[in-house]
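Dear colleague,

Please find the structure below, together with its sequence.

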Amino acid sequence: MIFASIHIKEKIKVLTLILCLVSCAVATAQEYRYELGGMAGASMYMGDANQSSLTKGWNPAGGVVFRNNLNFRWAIKANLLMGKVSGNTANFDNVYPNKTQISFDRMFYELGGHIEFNFLPYSDKYSYLGTSKISPYLLTGLGLTMAPGDGRTFFGINFPLGIGVKYKLKNKLNIGAEFVSHRLFSDSFDARSYGDITLEDPYSIKSGIFKNKDWYNTFLISITWEFGIRDYRCIGD
């Protein structure tokens, strides 16, 4: 009976040790569903005062970002951005009516919703599933843009299309960089007041849904923190 009791105690100790090891392994392999963080970088304008350069006129931009990682490949992202755009018609090849030279600058605010596709299954865990700590991605979606002016506030929809890359620095911590072009469905983004029609319609050419519209581009670096443990039953989704 004494020997049987000793064997039972040893088995309990071994079982307890195994459970502890399993618990530690699960704790270090937890996958998180959500990310929250900040972004900072630059914003650039394209329109009648800059018709060719994607990166001319860099101005500061930044904001906050929230991401819902649906699985290793797909994510839904929401962001709130603030930035500045500026333009100048001087030293351009385009000749404006009466050789007019115009410059402008204005702040803008954006509420955006994006869907992202990771080219690689993005995770720093579950290597047996072929996951990667780094992945380039594509994004698209819709956004709302507002830009106060001198008595004329711009408000419109933008269509974003961009590319980025994300990297897991460590458990729960991510860093990323992305370049996004935001196509506006209006030609008045660079008109700060109702009397400023030079940049809105300099050649009196009727605009179409895809013609004579303004853009702005953003290049942003983000840092995000993960939270919300993912359901393990869905980990391979």
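The fold is a closed barrel of eight strands in the order β1-β2-β3-β4-β5-β6-β7-β8, paired in the antiparallel sense. Neighbouring strands of this sheet are turned by 25° against each other on average, with direction ignored (axes are lines fitted to C-alpha atoms). Strands are DSSP runs of E with at least two residues, numbered from the N terminus, and two of them pair if DSSP finds at least two bridges between them.

This is a predicted model, in which local features need pLDDT of at least 70 and side-chain atom pairs pLDDT 80 or more, while totals for chains, interfaces and linings use all residues. Residues are numbered from 1 along each chain as its sequence is written, and side-chain values use heavy atoms, without hydrogens and water.

The whole structure contains eleven aromatic pairs (Phe, Tyr or six-membered Trp rings with centres within 6.5 Å; stacked under 30 degrees between planes, edge-to-face over 60, the rest tilted). Phenylalanine 154 and phenylalanine 189 form an edge-to-face pair, at 5.3 Å centre to centre and 70° between the planes. Phenylalanine 154 belongs to β6 (residues 154-170), whereas phenylalanine 189 lies 35 residues away in the loop between β7 (173-184) and β8 (215-229). Both residues are buried (under 20% relative accessible area, 1.4 Å probe, protein chains only). Ring pairs join Phe108, Phe154, Phe189 and Tyr216 into a cluster.

Definitions and conventions
Helix = DSSP H or I, 4+ residues; strand = E, 2+ residues; numbered from the N terminus. Axes fitted to C-alpha atoms, helices over the stretch in contact; angles between N-to-C directions. Buried < 20%, exposed > 50% of the residue type's maximum accessible area, 1.4 Å probe, protein only.
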